[in-house]
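Colleague: Could you take me through the aromatic pairs and the nonpolar core, one question at a time?

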Amino acid sequence: MAQVLQEGEIYTYVLAVVIHGEEAFAQEGSEQQDEGAADDTSPPLAQTLPQLNDVLNRGKQRPERFTPNVQPGLFYVNYPHTPFVPPRGTSMLLCPVECGEHYHEHEFLRSIIDRQLQRQETGFLALHTQKRATQARKSTARQTAGGEPPQQDEEQKLPESKEAYFPRNAPLGSARIISERTRYGYYDFYIHIPVKDETPRLVRTIRTVLGFHEHAYGYSYARIDFEGNVLQVGDVVIVPHALPKAGDTSYSDNYVYETVKAMIALARPGINSDTPANTGAIIGLENAAWKKQRVTLSREQNRLQFSRPSRKIATVLGYKVPQVGLPRPLDRIVSPKQCSACSVET
């Protein structure tokens with residue numbers, strides 16, 4: 001309960017899908033026809049749209065329109081101060097969205113909401129402060145020149161509240177909806193939304209080097225300073241649901257991203273108690289390509305060795321690390337020594 005209270009607001013996410021179709025054009029055409037009857041200058045195309053639409057839709061079932069039942073309490077993620085009020089007559093579907101709590105919710109959505117709340121507040125105040133200062137300068141200049149003060153209708157209209165102020169930066173833009181048929185004959189729908197996130201500033205102080213070594217069952221690490229003193233050693237802890245299950249012959253993509261996430265958590269500023277704020281580590285990843293060139297007599301060991309996505313982990317780590325403000329990781333073949341975990345001389 002205490003952990004839930006510390007996280008703050010509990011959000012429920014809803015996807016609003018506007019349905020565009022032939023019926024929307026038919027409705028638009030009928031409205032244009034009514035306007036054309038009262039105005040002889042309307043283009044002929046507006047009067048012929050209903051007839052053309054009837055010809056195209058002859059023998060087809062008219063598409064269904066969906067009237068949304070929007071209850072109070074829905075807000076835009078990009079503009080959290082602004083209530084969600086769809087235009088009247090919109091055909092719309094409201095769908096509940098399930099997202100990964102520990103990844104999508106905490107890593108992206110909550111930070112976007114907090115950041116956009118602040119942007120709406122500060123942008124609204126800055127806009128009004130700037131407008132008042134501009135009006136004061138114009139009024140002073142006109143009075144000095146002997147002119148009349150500016151009229152009220154000449155003033156630029158500004159948002160009356162922060163709910164009506166929309167920052168230019170919208171992290172969530174386009175979306176792609178895909179479907180997948182289950183083995184039971186039903187369909188699961190997924191939404192892919194690219195997130196325009198801000199790249200953090202580079203870490204000012206690099207005090208340690210964090211090296212990762214791949215062994216048979218995962219990764220181990222060692223943290224050293226620039227004098228070569230070993231400060232910390234251990235294993236990379238990967239969440240259990242991403243690990244291969246009994247009988248699996250390959251690793252999932254989720255394993256790759258969870259492994260990279262665990263590696264970055266060891267080097268990112270402010271994550272570890274032994275890593276001071278605004279400091280970080282240079283990441284060094286062992287180049288394990290040589291392991292796939294050696295074949296043993298053990299089928300199980302060969303399967304573990306050749307199925308591990310070492311190259312993909314290195315690729316994902318290469319573009320994920322700069323996103324948290326750290327230098328690009330080094331991918332090197334380490335000096336020969338025996339690994340205490342896998343007993344292999346590298």
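Modeller: This is a predicted model, in which local features need pLDDT of at least 70 and side-chain atom pairs count only at pLDDT 80 or more, while totals for chains, interfaces and linings use all residues. Residues are numbered from 1 along each chain as its sequence is written, and side-chain values use heavy atoms, with hydrogens and water left out.

Colleague: Is Tyr79 buried or exposed?

Modeller: Buried means under 20% relative accessible area, exposed over 50%, and partly exposed in between, with a 1.4 Å probe and protein chains only. Tyr79 has 18% relative accessibility, so Tyr79 counts as buried.

Colleague: At what angle are the ring planes of Tyr11 and Tyr13, and what kind of pair is this?

Modeller: Rings of Phe, Tyr and Trp (its six-membered ring) pair if their centres lie within 6.5 Å, and planes under 30 degrees apart count as stacked, over 60 as edge-to-face and the rest as tilted. A search of the whole structure finds five aromatic pairs. In one of them, Tyr11 and Tyr13, the centres are 6.3 Å apart and the planes are at 45 degrees, so the pair is tilted.

Colleague: What kind of pair do Tyr79 and Phe166 form?

Modeller: The ring centres of Tyr79 and Phe166 are 5.0 Å apart and their planes stand at 75 degrees, so the pair is edge-to-face.

Colleague: Which residues have the most contacts inside the largest nonpolar core?

Modeller: A nonpolar core is a set of buried Ala, Val, Leu, Ile, Met, Phe, Trp, Tyr and Cys residues joined through side-chain atoms within 4.5 Å. The largest one has 27 residues, and those with the most contacts inside it are Phe212, Val236, Met263 and Leu317.
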